[in-house]
Amino acid sequence: MPHCTRKGCGKDFSEESLESCFFHPGAPVFHEGLKSWSCCSDKSKPVLDFDEFLAIKAKPESKAPATSTGEKEVPQKELHASAASSDPVLSSFNTIAIPAPPLRSPPVYEEEEDDLSVKIAIGTPCRRNGCTTTFISDEENRYGEGDGTHCNYHPAPPVFREGSKGYMCCKRRVLEFEEFLKIEGCKTGRHLFSPKVNPDKTEEFTTCRLDHYQTLDQVHVSIFAKQVDKDRSSVKFHEQSISIDLYLPGSKRFLKTIDLFGPIASEQSSVQYFGTKLKEPSQVEVHLKKQDTRSWTILEKPTHDLGNIALTFGVTGRTGTIGAKKSVLDVQNIARTQLP
């Protein structure tokens, strides 16, 4: 029995059938993870899942948007058409031919390789998106073809749009974050515990946003950097400065030396790497132990004389933001600067 090939119908019919066929005359609309048909968006709500999109049935009363001639498309009512049909018999309504959307080549994502020469600590998670494997041993997870060496992952980054969550390499979209974490990988390969450095790729230096706040005996510095390679990165502490060296994806690197407002106890200072639920560190916290309990008004040592001003002012921009050049005084300190 022939199968109707029109979009939105898909019914089986006999060669003698005079049953009307209602189908989608418009084009599919894919936007921000949602899927619908242009001709019946007022009757059928957009959906996230591709199978649900294919299941959207054409409504006889659906109306498509205006054509290039300014006329409205009317509901399409024809006899069913099979793949072999070349000139189906029309009923009382004519159709307007709409070309199929052009095919797009799938994007190619550059994937990192595991550096087998690097020693991995037990319990280190695989860095690939969607993989939940943690390192046991080289024999279990890196060499040979055992089950522990197989990595099911997503080669593309995640995408969060209009409340939907998924990966750019997959069609599936979900609403809940916990469901997003359960989306199985769409590709099988080898685990990635320590990315291999490509010596032929030019290193690119970048900047990261820094904020800080202080307590009585410590100054806490937040460095906002996504997917920091904590095995290669470092923060070195000196009495009057700190040196930051962070390795980021895509051969990017963040280097910064900060001359501090006050002295620190370097041996009692520390650094921590924090990540999101996607495993990769997205924030670096630096904890500076003060040598004394005086208040730090800014993080970096000032480059201009603060004069006869009490230590109660902030800086331009957000409070605690690194790199401000102009002091902002309260009313009391302004009055002090104007004294003869």
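Biologist: Is Lys182 buried or exposed?

Modeller: First, the general idea. Buried means under 20% relative accessible area, exposed means over 50%, and partly exposed lies in between (1.4 Å probe, protein chains only). Lys182 is exposed, at 56% relative accessibility. This is a predicted model, where local features need pLDDT of at least 70, side-chain atom pairs count only at pLDDT 80 or more, and totals for chains, interfaces and linings use all residues. Residues are numbered from 1 along each chain as its sequence is written, and side-chain values use heavy atoms, with hydrogens and water left out.

Biologist: Which residue meets Lys182 in a salt bridge?

Modeller: A salt bridge is a side-chain nitrogen of Lys or Arg within 4 Å of a carboxyl oxygen of Asp or Glu. Here the partner of Lys182 is Glu179, at 3.9 Å from N to O. Glu179 is partly exposed, at 33% relative accessibility.

Biologist: How many salt bridges does a search of the whole structure find?

Modeller: Ten. One of them pairs Arg142 with Asp114, with 3.0 Å between the closest N and O atoms. Arg142 lies in the loop between α2 (138-141) and β5 (150-153), and Asp114 in the loop between β4 (77-79) and α2, so the pair ties together parts 28 residues apart in sequence. Those element labels come from DSSP runs, numbered from the N terminus: helices are H or I with at least four residues, strands are E with at least two.

Biologist: Are Arg142 and Asp114 buried or exposed?

Modeller: Arg142 is buried, at 4% relative accessibility. Asp114 is buried too, at 12%.

Biologist: Where do Glu145 and Arg190 lie?

Modeller: These two also form a salt bridge, their closest N and O atoms being 3.5 Å apart. Glu145 is in the loop between α2 and β5, while Arg190 is in strand β9 (residues 187-190). The pair links distant parts of the chain, 45 residues apart. Glu145 is exposed, with a relative accessible area of 62%. Arg190 is partly exposed, at 31%.

Biologist: Now a strand residue. What is Ile244 in contact with?

Modeller: Contact means heavy atoms within 4.5 Å. Ile244 sits in strand β14 (residues 241-248). Leaving aside neighbours within four places in sequence, its contacts are Leu210, Ile223, Ser234, Val235, Phe254, Leu255, Lys256 and Ile258. The C-alpha atoms of Ile244 and Lys256 are 5.2 Å apart, though the two residues are twelve apart along the chain. Ile244 is buried, with a relative accessible area of 2%.
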